[in-house]
Amino acid sequence: FRGVRFNTNTAGLADKEYERPKPPDTFRIAAVGSSWTMASGVETDEAWHAVLERQLNGQATGQNIELLNFGVELYGLRELVGTVRHKVGEWNPDLVVVAVTNFTSSFLWEEPDPDQGLPDRAYPFFESYVYRALAGTLGWAVDKPANDRRRLDSTQVELRISQLQRALRELDKLATANDARVVVVMLGFVTQGKEIEGAIREQASSLGMTVIFANRIFPPAGKERSRLQISAFDRHPNPAGHELIADFLNEALRREQLLPD
């Protein structure tokens with residue numbers, strides 16, 4: 001997928017194997033997000049959460065650190081909240097890191113149709129990234145877009161803000177229900193803009209929730225940033241970009257006192 005072999009563990013997570021019961025003397029972190037967390041276009045052990053796990057275990061804390069990856073490409077805010085509500089709790093995490101990109105927050109938060117049936121039969125090759133890349137290069141028409149969900153455009157700032165605020169409120173409630181702290185991390189090569197990020201800060205402050213703006217660590221568009229992308233045509237971070245995220249989060253999580261001493 002996007003040039004690398006894609007694997008999942010027996011729990012369906014894009015990660016290595018973990019025991020579902022949390023081992024003794026273990027501090028467990030759940031990483032929830034979309035393509036930057038899954039992470040698209042890099043090997044599993046090169047993703048920011050895997051790099052961060054190795055970094056944290058290389059620092060003397062007296063506890064084993066586990067960082068489980070619940071990321072899935074094309075997840076929007078509704079799916080991130082749903083993952084925390086329905087999947088994360090059974091793994092008994094001590095900390096939940098919810099990573100949000102500009103693309104993640106652009107999906108319209110639509111309630112599921114209670115009468116929705118199973119999708120039509122899919123033919124893997126015609127649904128594959130390889131087919132779509134080939135079709136795009138050769139100018140072929142495809143039966144349907146890679147993503148046909150409704151998205152917000154640049155004029156719908158207020159709706160995007162209200163969706164982000166809703167996500168923060170629901171995550172705050174789930175943190176209490178799961179007895180685990182939740183931190184929201186903003187990822188991406190660009191920021192969400194002053195108005196949106198200001199609203200995020202205000203909502204997070206009212207809830208006592210930590211938000212980390214890791215989308216400020218990347219250089220502006222140009223040669224320096226292109227060296228951190230999978231390719232000139234795919235704006236997902238490459239291994240160097242993921243390492244940069246891990247380094248930043250290592251410092252930020254410690255600064256916010258979210259990790260064991």
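## Basis

Helices (H or I, at least four residues) and strands (E, at least two) are DSSP runs, numbered from the N terminus. The model is predicted, so local features need pLDDT of at least 70 and side-chain atom pairs count only at pLDDT 80 or more, while totals for chains, interfaces and linings use all residues. Residues are numbered from 1 along each chain as its sequence is written, and side-chain values use heavy atoms, with hydrogens and water left out.

## Packing of α5 and α6

Axes are lines fitted to C-alpha atoms, for helices over the stretch in contact, and angles run from 0 to 180 degrees between N-to-C directions. Helix α5 (residues 157–178) packs against helix α6 (residues 194–207) at about 25°, and their axes are 10 Å apart. The two helices α5 and α6 are therefore roughly parallel (angles under 35 degrees).

Contact means heavy atoms within 4.5 Å. Residues of α5 making the contact include Ile 161, Leu 164 and Leu 168, and those of α6 include Ile 196, Ala 199 and Ile 200.

## Nonpolar cores

A nonpolar core is a set of buried (under 20% relative accessible area, 1.4 Å probe, protein chains only) Ala, Val, Leu, Ile, Met, Phe, Trp, Tyr and Cys residues joined through side-chain atoms within 4.5 Å. The largest has 34 residues, of which Val 96 and Val 98 touch the most other members. Helix α5 gives this core its largest share, seven residues.

Beyond its neighbours within four places in sequence, Val 98 contacts residues including Val 32, Leu 80, Leu 171 and Val 184. A separate core of 28 residues includes Phe 27, Leu 52, Leu 56 and Leu 249.

Terms used. Angles under 35 degrees count as roughly parallel, over 145 as roughly antiparallel, 65 to 115 as roughly perpendicular and the rest as oblique. Buried means under 20% relative accessible area, exposed over 50%, partly exposed in between (1.4 Å probe, protein chains only).
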